[in-house]
Number of protein chains: 2
Amino acid sequence: MTSTNQILFHIRKNITPDPKEEQFFVSLLNPVKLKQGEFAEKAGEVTYNFIHVTAGCLMTYYTDKQGNDQVIQFATAGWWTGDLHSLTSQQPSIYTTRALADSEILQLPKVRMEELLERYPRFERYFRIMFQNSLVTHQNRIIEAFTATAEERYHNFQKKYPHMEQYVPLKYIASYLGITPEFLSKIRRKK
Amino acid sequence: MTSTNQILFHIRKNITPDPKEEQFFVSLLNPVKLKQGEFAEKAGEVTYNFIHVTAGCLMTYYTDKQGNDQVIQFATAGWWTGDLHSLTSQQPSIYTTRALADSEILQLPKVRMEELLERYPRFERYFRIMFQNSLVTHQNRIIEAFTATAEERYHNFQKKYPHMEQYVPLKYIASYLGITPEFLSKIRRKK
DNA sequence: GTAGTGGCTTGAACTAGATTAAGAAATTGA
DNA sequence: TCAATTTCTTAATCTAGTTCAAGCCACTAC
């Protein structure tokens, strides 16, 4: 399956655009291949693209004043990623997005997305549903962060993303879980 | 300002509906007054309404198996609240939403919202923008939960919601911050 | 080969924040 | 008005998770 077929498949699950709309949408996309370790976006730079992952795996992380990385999200095929705040406000991003494995992404430039929504408002619905679902996921993550122990969070992570552990170095999983790699090591030993 | 004027004011900041659309939107809304302590939604019941607060203050919390409450959100005038997951899936809600002070809300029933979006797709844009903004806020909260100390989180909360501390019992603020009331007490003494 | 580098583990000492228990202060209510 | 309930504080003890320091294992590069 080509990467454009893949994203159309994803879209058709939520809305039913006509062929003309689909064609226009696809024409706005910018396919990019990333090798492992390469950056899709860097903290400090303004984000111009909304990113859809079609193959591989990316992660988005925040680097605080002390230089510690906090992983916000992993994104595999079918996910949208990128810094929404920077994309909306056109202020420098606070996030870095980087390939954890050789990956393929589709860039949707902000200005192109605005054109799309202007011309074919049907796509508002698609993005509304995407954001709405994402919001539920984020709410769950906040609850989990506050109410579950590190060990519970790790096991929930394994259940939810069973294949991620092969892809992703443990230190990034630790960061995603909000713990140190040392402590994750201890949790894993127990089992 | 009436509560319907208030919500229209809020909507006009994001989209520009024509009078006919505004009128239809307003006709879908169901104004409700809540006394302090009353419930807008209860955990265990299916959520049928999306809620817009026009006066007062509500809070939404999650109760875990041990019976501990975790406050997810405070909502004052101008905010949307409610359990998106239950609203979308029509499964029983895991959240309770309750008035912290005498309040006024506008209920937008799920089925009515669907009618609205069907008939006037322009409103998709409004909700898309709402969810998009909310997502940014939630992302920030996740970062804060993992990278900031309880003390920093408390001071950030004070900065961000300067009036909330008068409204809201401290134990709920502690819960929102993910700490015990005892520890919040210690933090406050220091200052 | 072996020197380097990054990812993972181990253990000892430490700390942010929880738990428990009690008392003080503020609200409510008949 | 005074008892009852709820909210807030204080202090002692305890624990989940951090920090620091070291060692181990793969993998790469000269």
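This is a predicted model: local features need pLDDT of at least 70, side-chain atom pairs count only at pLDDT 80 or more; totals for chains, interfaces and linings use all residues.
1. Helices here are DSSP runs of H or I with at least four residues, and strands are E runs of at least two, numbered from the N terminus.

2. Residues are numbered from 1 along each chain as its sequence is written, chains are lettered from A and ligands numbered from 1 in the order written, and side-chain values use heavy atoms, without hydrogens and water.

3. DNA strand C is surrounded by 16 residues. α8 (170–177) and α9 of chain A, with α9 of chain B, each supply at least two residues of this surface. The largest share, five residues, is from α9(A).

4. Polar contacts (pairs of N or O atoms within 3.5 Å) reach DNA strand C from both chains. A polar backbone atom of A:Leu170 is 3.0 Å from a phosphate oxygen. For B:Thr180, a polar side-chain atom lies 3.2 Å from a phosphate oxygen. A:Lys186 places a polar side-chain atom 3.5 Å from a base nitrogen.

5. A backbone N or O atom of A:Ala150 lies 3.1 Å from one. A side-chain N or O atom of A:Thr180 is 3.1 Å from a phosphate oxygen. For B:Ser185, a polar side-chain atom lies 2.8 Å from a phosphate oxygen.

How values were computed: A polar contact is a pair of N or O atoms within 3.5 Å; within protein, one must be able to donate a hydrogen and the other to accept it, and residues adjacent in sequence count only if both atoms are side-chain atoms. A residue is near a molecule or strand if one of its heavy atoms lies within 4 Å of it.
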